[in-house]
Amino acid sequence: MEINKFLQEYFTQEMLPPLDRHLAGFYKKRSQWGKRDRAVFTQNVFDSVRYFSSIVLFEYAFARSEGPEQLFAEFDSREKMINAFLGIRGDVWGEWLKIFQGTKVKKSKRFEYYDFYFAFETIERHLLRAGVPPFYFASLQKRAAQSAWEESEFISFVQNLQKKSPLWIRCNKDEERVLSELQAKDYEYEQGPIAHSWCLKSGPSLKHLACFQDGCLEAQDLGSQRIGLNLDVAAGDRVWDVCAGAGGKTLQLASLAQGQAQIYATDIRDFILKKQLIPRMQRAGFDNFQIAVWDGKSLDQLEKGKRFDKILVDAPCSSSGTWRSAPDQRFRFLQEELPKIKEIQLGLLNLVKTCLDDKGILEYATCSFLVEENEEIVAEFLQMNPDFVLLEMKLEGSPKEDADTLFWAKFKKKN
Ligand SMILES: C[S@@+](CC[C@H](N)C(=O)[O-])C[C@H]1O[C@@H](n2cnc3c(N)ncnc32)[C@H](O)[C@@H]1O
């Protein structure tokens, strides 16, 4: 099946599923496909989605002999972008894709236009080249202003979007064993900037490593590792990981307290706690935890009277900070959903704060660069809760580091 047909099927669904999940379902029906065919197809699909906006805008600008900037207003929603895509022929899509992947397409006039369009070093052209949909340009400009990014930082953020994300891992235990296995299997790796973090530049899937199967290491983005580290969890702490999901940070918190913290892990999704968090905690040998399904609507659904020294709200968000590894997030989250998601984020903070010990720490985190989900939530929370103070807040990862972009803020009660 050609890429275009796959994309048509994917983008015309009412609710866009995660691209990797959709691809897995697609391959299930094609058991005859070999490993290599799948790898090439996956790469082309991911690159097509990464550069989806770029290709649509470049092709329409090319066809009309205009600059792509003239089309921003016309393509200011996901729907308009997808409709425009449906009008592009498969062979033309393939040609642009090769150009974006860095292959010189012989005798292609489009190649000349690509060069011409890139000749201008404006922020808009950088954003466009990196596949940022025009309906996100204003949000990124807002982020740049909020973080006082220099132009070079802005460009480096955008350029990072075009690079393959490195795989960050964190060692739970037996670090020497992990490193010797990585070495024996010819992984290329470098030590990360925080304790127990390593950056894998290349190598096969981790799943086959014995040290992975024994729970000695976990894949966890560097920014995400910083969020867990920030909570300063110590042995004996009562910790609530409010949106624990698959348990990436739960495992880290348990590991930081050497299994000596009492962890309460909740999430709205029962199956993710049972199918992912519990097996991962067991594999790593952590048993000092309890799980509960919680939809964040009322504390009545939870055991009464629980108090915590540390609470982490790793909130549901636009996931805009993960666009590198999940390019489909550019289209799966709609900006119209922002008010609703902000309500959930603030609602979670306002409920869980009542369970914080007087000397406790409350940490809020997202994997988003959107100011609305980050600094604006912090400001609203502080305004609604004058008995709380902000200790610190920070945007982590890209553009400063080769990692996802994440945000965290830490609060405590006023004395
Ligand atoms: C950013 S993810 C958490 C990632 C996880 N902490 C980790 O490190 O692997 C956000 C989680 O919030 C959960 N969630 C979404 N809406 C929620 C709600 N209303 N109440 C509680 N959890 C919710 C989602 O199921 C998802 O697992």
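Let's start with a pair of strands: β1 (residues 167-171) and β4 run antiparallel, joined by three bridges.

A quick word on what you're looking at. This is a predicted model, where local features need pLDDT of at least 70 and side-chain atom pairs count only at pLDDT 80 or more, while totals for chains, interfaces and linings use all residues. Residue numbers run from 1 along each chain as its sequence is written.

Back to β1 and β4: they belong to an open sheet of four strands with antiparallel pairing, in the order β2-β3-β1-β4. At its edges stand β2 (188-191) and β4 (217-219), each with a single partner strand, so one side of each has no neighbour in the sheet. Neighbouring strands are turned by 30° against each other on average, direction ignored; axes are lines fitted to C-alpha atoms, for helices over the stretch in contact, and angles run from 0 to 180 degrees between N-to-C directions.

Now zoom out. The protein is divided into domain 1 (3-160), domain 2 (167-219) and domain 3 (222-413), with bounds that come from an automatic or database domain assignment. The C-alpha centres of domain 2 and domain 3 lie 25 Å apart. Between these two domains, eight residues of domain 2 are in contact with 12 residues of domain 3, contact being C-beta atoms, placed from the backbone, within 7 Å. The domain 2 side of that meeting divides into two nonpolar, four polar and two charged residues. In this scheme Ala, Val, Leu, Ile, Met, Phe, Trp, Tyr, Cys and Pro count as nonpolar, Asp, Glu, Lys and Arg as charged, and the others, Gly among them, as polar.

Next comes another open sheet, this one of seven strands with mixed pairing, ordered β7-β6-β5-β8-β9-β11-β10. Its edge strands, β7 (289-293) and β10 (388-397), each pair on one side only. The twist averages 15° from one strand to the next.

Follow the sheet from β5 (residues 238-241), which pairs with β8 in the parallel sense over three bridges; D241 stands opposite L312 in β8. Helix α17 (residues 338-352) packs on the sheet, touching β5, β8 and β9, and its direction makes about 175° with that of β8. Strand β8 (residues 308-314) is in turn joined to β9 by six bridges, running parallel, with I311 partnered by L362. On to β11 (residues 405-413), which pairs with β9 in the antiparallel sense over six bridges; here A365 stands opposite W408. Helix α13 (residues 222-230) lies across β8, β9, β10 and β11, at about 10° to β11.

How enclosed is β9? Eight of the 11 residues of β9 (residues 356-366) are buried, so the strand is largely enclosed by the rest of the structure. Buried takes 20 or more other C-beta atoms within 10 Å of a residue's own, exposed 12 or fewer, and partly exposed is in between, with C-beta atoms placed from the backbone. Helix α14 (residues 248-256) is also largely enclosed, because nine of its nine residues are buried.

Finally, the ligand: 19 residues surround it, the closest being C243, G245, G248, G296 and P316, where near means a C-beta atom, placed from the backbone, within 6 Å. That shell divides into nine nonpolar, five polar and five charged residues.

Terms used:
Helix = DSSP H or I, 4+ residues; strand = E, 2+ residues; numbered from the N terminus. Pairing = 2+ DSSP bridges.
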